[in-house]
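I opened this entry to keep a record of what I looked up, one topic at a time. Each note gives what I asked of the structure and what I found there.

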Amino acid sequence: MSSPSLYHQSDTRIQSELRIIEKSKKNPNHFAPLYKQYHENIFRYIVKRVDDVESAYDITSNVFVKALTNIHKYEFRGVPFSSWLFRIAKSELYQSFRDKKARRTVSIDKVIVADIFEEFEESCNEERKEKLMIALRSINEKDLALIELRYFERRSYREIGEIISVTENNAKVKTFRALQRLKKVYNK
Amino acid sequence: MRKILYNRDEPGAHEIKKRQDFDLVIKKYQENRDYWKNPWFYGSIGLASIASTLLLLSI
């Protein structure tokens, strides 16, 4: 399942979120609507990258604790609140790998595999699928993260840019290069 | 090494919603915020200071 895009938000929704954020800076209990709104998206982002569902719930909870702890630092500069949350999620996720609380996992399905082979301009069969799995185990973490965001979760380059803190164009270039490197490892 | 999970079953939206626990988030947030109010925090700082002082005096 691809994650629903949170990026295209109306001005009214952004303003409403900003009001909640301002209130949450004074009283953390006001943060509840944002927690309810983004909990599933953050959980789905995390669960796809860890092997244990319970760990994913724990990490998700920690993401919101961290968000509340740092909410006083959040200022709207054109970056949606959701992207700020995803940055925290990314950081918490890698912290859990360093602490060995979760294992890095790649969740893949037949639709994703078909999409990747379409990008490779090849048809899919069992042998090629196995080769792709080996390539996904071997590529570097930065390339894998980009491929997951773009090809597994179908996020826009703009959203990817916000999550990895680069411009939209830079995200596009980096993702293209990551796919080229995956293809190279696959063809070895 | 990375683990690859193929066609994995993920929890559904209803199940994920059931696991929402904002009270726990607030509790953890308050614990993090109030760690300096915990006597253990000062206890460990105090012990570290005494140990450093003793170490310096012994040199």
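**Helix α7 of chain A**

I began with the buried residues of α7(A), which are A:Leu144, A:Ala145, A:Leu146, A:Ile147, A:Glu148, A:Leu149, A:Arg150, A:Tyr151 and A:Phe152. I note here that this is a predicted model. Nine of the twelve residues of α7(A) are buried, so I put this helix down as largely enclosed by the rest of the structure. I then looked up what these buried residues pack against, and found β1, α5, α6, α8 and α9 (168-187) of chain A.

Just after α7(A) I came to A:Arg154, which takes a positive phi of about 55°, and I recorded its place as the loop between α7 (141-152) and α8 of chain A. A:Arg154 has 14 other C-beta atoms within 10 Å and is therefore partly exposed, since a residue needs 20 or more to be buried and 12 or fewer to be exposed.

A:Lys100 lies in the loop between α4 and β1 of chain A. Is A:Lys100 buried or exposed? I counted A:Lys100 as exposed, because 7 other C-beta atoms lie within 10 Å.

**A:Ile116**

Next I turned to A:Ile116, whose place is in helix α5 (residues 110-120) of chain A. A:Ile116 counts as buried because it has 24 C-beta neighbours inside 10 Å. Leaving aside residues up to four places away in sequence, I found that A:Ile116 touches A:Leu132 and A:Tyr151, and A:Tyr151 is one of the buried residues of α7(A) noted above. I also checked A:Ile116 against A:Arg49, and the two are 67 residues apart in sequence and 18 Å apart in space, C-alpha to C-alpha.

**α4 and α8 of chain A**

How do the axes of helix α4 (residues 81-98) and helix α8 (residues 157-164) of chain A cross? The axes come within 8 Å and cross at roughly 55°, and α4(A) and α8(A) are therefore oblique to each other. I recorded the crossing of α4(A) past α8(A) as right-handed. The contact is made by A:Ser83, A:Phe86, A:Arg87 and A:Lys90 on the α4(A) side, and by A:Glu159, A:Glu162 and A:Ile163 on the α8(A) side. Sorted by class, this contact of α4(A) with α8(A) has two nonpolar, one polar and four charged residues.

I then moved to chain B, which has three helices and one strand and follows the pattern β-α-α-α when read along the sequence. Of the 59 residues of chain B, 3% count as buried.

For the contact between the chains, I noted 29 residues from chain A and 23 residues from chain B. On the side of chain A that touches chain B, the elements that give two or more residues are α2 (32-47), α3 (53-70), β1 (105-108) and α6 (126-138). By class, that side of chain A has 15 nonpolar, six polar and eight charged residues.

Which strand of chain B pairs with β1(A), and in which sense? I found that β1(A) pairs with strand β1 (residues 3-6) of chain B in the parallel sense, over four bridges. Within this pairing I noted that A:Ile108 stands opposite B:Tyr6 in β1(B).

Technical notes:
Residues are numbered from 1 along each chain as its sequence is written. Chains are lettered from A and ligands numbered from 1 in the order in which they are written. This is a predicted model: local features need pLDDT of at least 70, side-chain atom pairs count only at pLDDT 80 or more; totals for chains, interfaces and linings use all residues. Axes are lines fitted to C-alpha atoms, for helices over the stretch in contact, and angles run from 0 to 180 degrees between N-to-C directions. Angles under 35 degrees count as roughly parallel, over 145 as roughly antiparallel, 65 to 115 as roughly perpendicular and the rest as oblique. A crossing is left-handed if the near helix is turned anticlockwise from the far one by less than a right angle, and right-handed if clockwise. Two residues are in contact if their C-beta atoms, placed from the backbone, lie within 7 Å. Ala, Val, Leu, Ile, Met, Phe, Trp, Tyr, Cys and Pro count as nonpolar, Asp, Glu, Lys and Arg as charged, and the others, Gly among them, as polar. Two strands pair if DSSP finds at least two bridges between them.
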